[in-house]
Amino acid sequence: MRNETFYVTTPIYYPSGDPHIGHSYCTVAADVVARYKRLRGFDVMFLTGTDEHGQKIETLAKEKNIDPKTFVDEMSLKFKKLWQTFCITNDRFIRTTNKFHKKAVQKIFLKLYEKGDIYKGKYKGWYCVPCESFFIESQLVNKKCPDCLRSVNWAQEEAYFFKLSSYSKKLISFYNENPNFICPQSRKNEMMSFIKDGLQDVCVSRSSFSWGVKVPFDDKHVIYVWFDALVNYITALGYESGNNSDFKKFWPADVHFVGKEIVRFHAIIWPAILMALNLSIPKVVYGHGWWLSDNSSKMSKSKGNVVDPVLLCNDYGVDAVRYFLLKEVPFGSDGVFSFKLFLKRFNSDLANDLGNLFHRCSAMVEKYFPNGLLDEQEPLKHDDSLKNFAKSTSTLVEKNLDSFQFSFALSNIWELISSCNRYIEDEKPWDLAKDQKKHPRLASVLYNLFECLRIISIMLSAFMPKSAMTIRKQMLLDDKPIIWEDSKNWGLLFKKFSIAKGNALFPRIEHKNKQVFSNL
Ligand code: MSP
């Protein structure tokens, strides 16, 4: 057992509306990595949570005539529940309204103020409430927010600033010394040009609303929601918030998964704050793409084009949704979420390739060997190519998962599934079954197929935990721990292997579900 650690995070989500499939994307990706690393013996810390302060939340609560805390209590629960539905194995769930977090934010703010990295000045500029972001005139696009293209408000007030401008050079040398810090490469180029254009100091306090963490030495001001949010990655580990043994153990983070529009905060502001605190910088910030609706606009609550993940999981199963999210597009690119595409993937990859393979193999063992495969088997030389391919697949999956290439890792697994389906066509077990003398060969063919399925179940368990368990249950392996190294070994099943009855893994979808995809 190795004792290396692995720390993976998602953004903390604004609980300003119900979670949608776009939010689920990042959390599912982080869950796959966390499960995979655990299988490989890492001591994993997987953090997610909700980002509960700011003007947007304050306004929404006011509209509903409730206090902001009541509002976020209710909304944050929805995220927690959704992660249960999605079988997410986060170790912690941080809420920025947690007392320990608020205290730590104040301590960090004070530390930077005392060091001179935070100073008092006057803010003049444009503010986008939905994005909780400040912009100078030249950053606006047609006088609108450059991120969400909505209206911005003029703001002018006394405020505290973080000296981001003095970190430009340090950031550039950090990027050069750590070429894999920002992924994918295209995002790194964006950040480089951003810095080269010149970094402005960041306004890190507001005084026009009160729903936030108070500046500890000046309670007319609340701390800017992004400052409050970014430090969650360290406060959740106990930094300035009690016992810091987890901070010592897990920091720096191995990877922050974030959407492409917030890479800027994580790859520029966050490392600069960490540099100011003399702390190490995370190893990777991975900016994933957006899910777009059929008409190619970003799926978002305000546009009313979101897909409800709960309805989707109820109708088609959590694993199918997890699979679609990670297979449909390379991690880093945008993708279209439409029923047509979901249906196509479901029926071809899940129902036809994997579902049929498992169903055909199980049905043959049940029918031809109800008491278990024959002891006497007849392996042939050419079986080696399937066997060797199966044994080598997990090395390919490792390479892709270690670089967060989920769609390619799934393609590796699916190549093995296709090889198994081809092997069935080539070996024609139904013909072997007709002749009693050929039953040892038939047993050997089925044994090989189930060895492949055993290996597939291990690799799939990070992506599709429920289906992997269903396969293992029918193979009577459910009481055995899943061990990643077993995916590299052949011959672990009993020779007299038998199977339990079960239902189809992924029954084909024939109908169109209007409710889930009404807008698409
Ligand atoms: N609260 C901040 C993050 C602070 S992290 C220190 C925030 N919250 S958010 O709820 O607006 O967005 C959270 C994440 O969800 C972002 O990474 C964003 O990219 C992602 N997504 C929201 N809609 C999305 C899609 N339609 N598609 C993919 N991801 C999307 O930003």
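Biologist: Which side chain does Lys 120 meet in a salt bridge?
Modeller: Lys 120 pairs with the side chain of Glu 158, at 3.6 Å from N to O. A salt bridge here is a side-chain nitrogen of Lys or Arg within 4 Å of a carboxyl oxygen of Asp or Glu.

Biologist: What does that pair tie together?
Modeller: Lys 120 is in strand β4 (residues 118–128) and Glu 158 in strand β6 (residues 153–162), so the pair links parts 38 residues apart in sequence. Strands are DSSP runs of E, at least two residues long, numbered from the N terminus.

Biologist: How many salt bridges does the structure hold?
Modeller: There are 33.

Biologist: What sort of model is it?
Modeller: The model is predicted: local features need pLDDT of at least 70, side-chain atom pairs need 80 or more, and totals for chains, interfaces and linings use all residues. Residues are numbered from 1 along each chain as its sequence is written, and side-chain values use heavy atoms, without hydrogens and water.

Biologist: Where are its nitrogen atoms placed against the backbone?
Modeller: A ligand nitrogen is 2.8 Å from a polar backbone atom of Ile 12. For Trp 291 there is also a 2.8 Å distance to a polar backbone atom. Polar contacts are pairs of N or O atoms within 3.5 Å.

Biologist: How much of the ligand's area does the protein cover?
Modeller: 95% of the 670 Å² of accessible area that the ligand has on its own, by the Shrake-Rupley method with a 1.4 Å probe.

Conventions
A polar contact is a pair of N or O atoms within 3.5 Å; within protein, one must be able to donate a hydrogen and the other to accept it, and residues adjacent in sequence count only if both atoms are side-chain atoms. Helices (H or I, at least four residues) and strands (E, at least two) are DSSP runs, numbered from the N terminus.
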